[in-house]
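Hi,

Here is the structure I promised to send over. Have a look, and my notes follow below.

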Amino acid sequence: MSNLQETTEQILTLAAQHFKVPRERLSPDDDFFKKLGINSLQTLDLLTRLENHFQVELPDYELQGVSDFRTLAERIQARL
Amino acid sequence: MLDLSRYSCLGAALRDALERWPKEICLIEADRDRENCRLTYRQFKEAALPLARWLQDSEFHPGGRAAITMTNQSKWLISAYAIFYCGGVLVPIDYKLTPAEQLQLLAHSKAEVLIVEYHLWKAIAQSSEFGTLRTKTVLVTEAPANAEVYGAHRWEDSKGKGEAEFFARERHDPACIVYSSGTGGRPKGCVLTHENYLEQCMALTSLYPFWPGVRYLSILPTNHAIDFMVGFIGPFTCGATVVHLRSLRPEYIREAFTKYKITYMSLVPMVLKNLERGLRQRFSELPAGKRRVLNGLIRINRTMTRGRPRVGLSRALLRDVHNAFGGELRALFTGGAFTEPATLQFFYDLGIPVANGYGCTEAGTAITLNDFKPFRADTVGKPLPGMELKIIGPDAEGIGEVAVRSKTVMSHYLDDPEMTAEVLVDGWLMTGDLGRIDPAGHLQLFGRKKNMIVTEEGKNIYPEDIENVFEGIAVKEFCVFAANYLWPRRTMTGEQLVIVVHPEQDHTIDEELRAEIGARNRRLLNYKRISGIVPWERDFPRTAALKIKRNVLAEEIRQTIDSSAVIPL
């Protein structure tokens with residue numbers, strides 16, 4: 001099982017691939033809405049991709065109030 | 001459908017609906033590709049009445065207030081019916097609010113009962129403000145076995161023994177208290193009566209009828225005014241079926257269309273835009289020849305439906321597109337925020353009419369709606385039956401504040417006669433929106449007179465509601481405004497909030513202050529965030545009670561600087 005740091009790293013890599021931005025532009029505390037210029041529906045696309053990668057089911061509400069990669073990683077880590 | 005003019009309250013209308021169509025399916029709840037439950041009207045009644053009895057056994061009396069905080073699911077509707085059956089007043093609360101905001105609205109509404117999903121309840125119970133909760137009875141749904149429920153009762157076990165007693169209400173009694181804003185400042189609890197809802201339902205279904213066999217796809221939470229009406233009261237009083245989908249992900253929405261052969265669906269402009277994006281992408285991936293054929297068929301459909309929608313013809317012409325939507329879709333409903341005319345036109349040309357409307361919580365659900373006689377992409381439609389519209393103080397182009405008078409307009413703001421008097425003037429509701437009625441009777445909107453924004457997700461954000469997050473920043477004074485209020489633009493897109501900052505003497509807006517404001521900003525939900533800082537050097541005008549005179553300050557700013565002064569965050 002990954003630790004939180006590894007989970008965060010994997011999320012950053014997947015987000016960079018999914019939204020086609022250089023990985024080095026993203027860091028754990030980034031506000032992903034602002035950094036990636038995406039809306040809440042587009043974050044659900046990312047959630048689907050993360051589910052497939054981590055093999056967990058993440059209800060839509062897990063993203064409620066989350067806007068940075070680190071907190072997202074904590075939510076996913078809790079379900080691994 | 002039931003003749004709603006004969007009814008005095010929602011509870012009585014719903015009770016008769018459950019008796020009239022016992023074998024029809026009223027509710028299907030789907031979670032992704034799984035079906036959680038499927039209930040007939042009889043089974044719905046059998047689920048709701050023991051809960052009503054349990055509430056009555058718990059001293060919940062007619063006129064008592066009960067709040068619901070849940071995502072989009074069947075227990076919302078079952079609970080709401082149980083509350084109405086008891087003669088209670090329903091307080092729908094947006095589950096996306098923070099625990100502190102939810103607690104604030106529970107306190108303001110004086111709700112005696114709260115019905116809430118487990119994960120939301122857990123967040124409330126673990127919040128630092130939990131001690132402020134005065135709601136005496138809490139029912140929690142879907143709590144895992146052996147989970148800590150923080151003093152709540154389990155919804156699934158809350159079944160009273162014996163028959164529940166039905167309590168009818170009068171038409172002018174409150175049915176719901178719906179909060180249009182005020183989570184950070186002065187709560188705006190719109191008191192909507194049974195008459196408001198019954199009249200609204202009659203007006204909407206006169207244009208867009210439901211009947212047994214119609215399947216409405218619900219992806220908006222039922223606390224949303226549109227879904228409460230079009231995804232609950234409307235279909236139930238017509239014997240139709242509501243399909244709840246507990247996910248907003250495009251892949252499951254697409255699947256639900258085909259799996260359940262959906263007839264109608266409501267969606268906010270952001271989701272509509274997403275559907276458009278997906279379809280355009282799929283069209284662009286077609287081989288060149290197929291794309292040419294498709295474009296030709298779309299052109300033919302556009303010509304043939306210029307005067308009115310012709311669903312059968314469109315389905316025959318554009319079979320693959322319609323099959324992707326289940327083949328039985330008649331219309332989509334949208335509202336709550338600005339929808340781009342090009343998006344509306346895109347769907348209409350495919351033979352999928354999108355009924356674009358305009359409304360506000362204070363006026364029930366919808367005030368105007370497109371009736372497709374003929375389709376217009378550039379307006380929000382004509383007034384619904386029973387709605388009177390007028391434009392206050394029109395300028396040379398006929399644009400002024402939109403005022404509405406109808407039986408759907410709220411009774412008042414809860415416990416706030418002063419604010420009520422500001423918006424209800426001589427029987428007319430002053431909407432604060434700027435519009436014009438064109439020669440064909442269609443309403444066109446041109447921005448706002450009021451200091452607020454509406455996001456693309458359909459969320460109304462009032463500056464006063466987010467100011468508390470900036471309390472204590474190292475400045476002399478500050479105030480949040482809608483940028484469109486400071487510098488009016490005749491548009492309802494791209495609306496943003498800005499913070500006006502008056503620094504301490506001999507200080508400037510330096511990097512440290514910007515970082516602090518940025519950090520505070522991130523504590524807000526993403527759609528509530530400010531986008532920039534307006535530097536301001538003069539003292540804010542204030543009342544004798546030291547409240548900021550916002551309109552005076554806005555005028556001073558408008559006269560002194562323009563929007564290029566905004567420092568982006």
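Predicted model: local features only at pLDDT ≥ 70, side-chain atom pairs only at ≥ 80, totals over all residues.

Residues are numbered from 1 along each chain as its sequence is written, and chains are lettered from A and ligands numbered from 1 in the order in which they are written.

Now chain B. Helices (DSSP runs of H or I, at least four residues) and strands (runs of E, at least two) are numbered from the N terminus. Two strands pair if DSSP finds at least two bridges between them.

Nine strands make an open, mixed sheet, ordered β2-β1-β11-β10-β12-β13-β14-β15-β16 (chain B). At its edges are β2 (34-40) and β16 (382-383) of chain B, each pairing on one side only. β15 (residues 368-369) of chain B is antiparallel to β16(B), with two bridges; there, B:L369 has B:K382 as its bridge partner.

The other open sheet has four strands, β25-β26-β27-β28 (chain B), again with mixed pairing. β25 (477-482) and β28 (567-568) of chain B each have a single partner strand, so one side of each lacks a neighbour in the sheet. Inside it, β26 (residues 497-502) and β27 (residues 530-535) of chain B run parallel, joined by five bridges, and B:V501 sits opposite B:P535.

Finally, take α3 (residues 74-85) of chain B. Twelve of its twelve residues are buried, so α3(B) is largely enclosed by the rest of the structure (buried: 20 or more other C-beta atoms within 10 Å of the residue's own, C-beta atoms being placed from the backbone). B:W76 and B:F84 are among them. After α3(B) comes B:G87, with a positive phi near 80°.

Cheers
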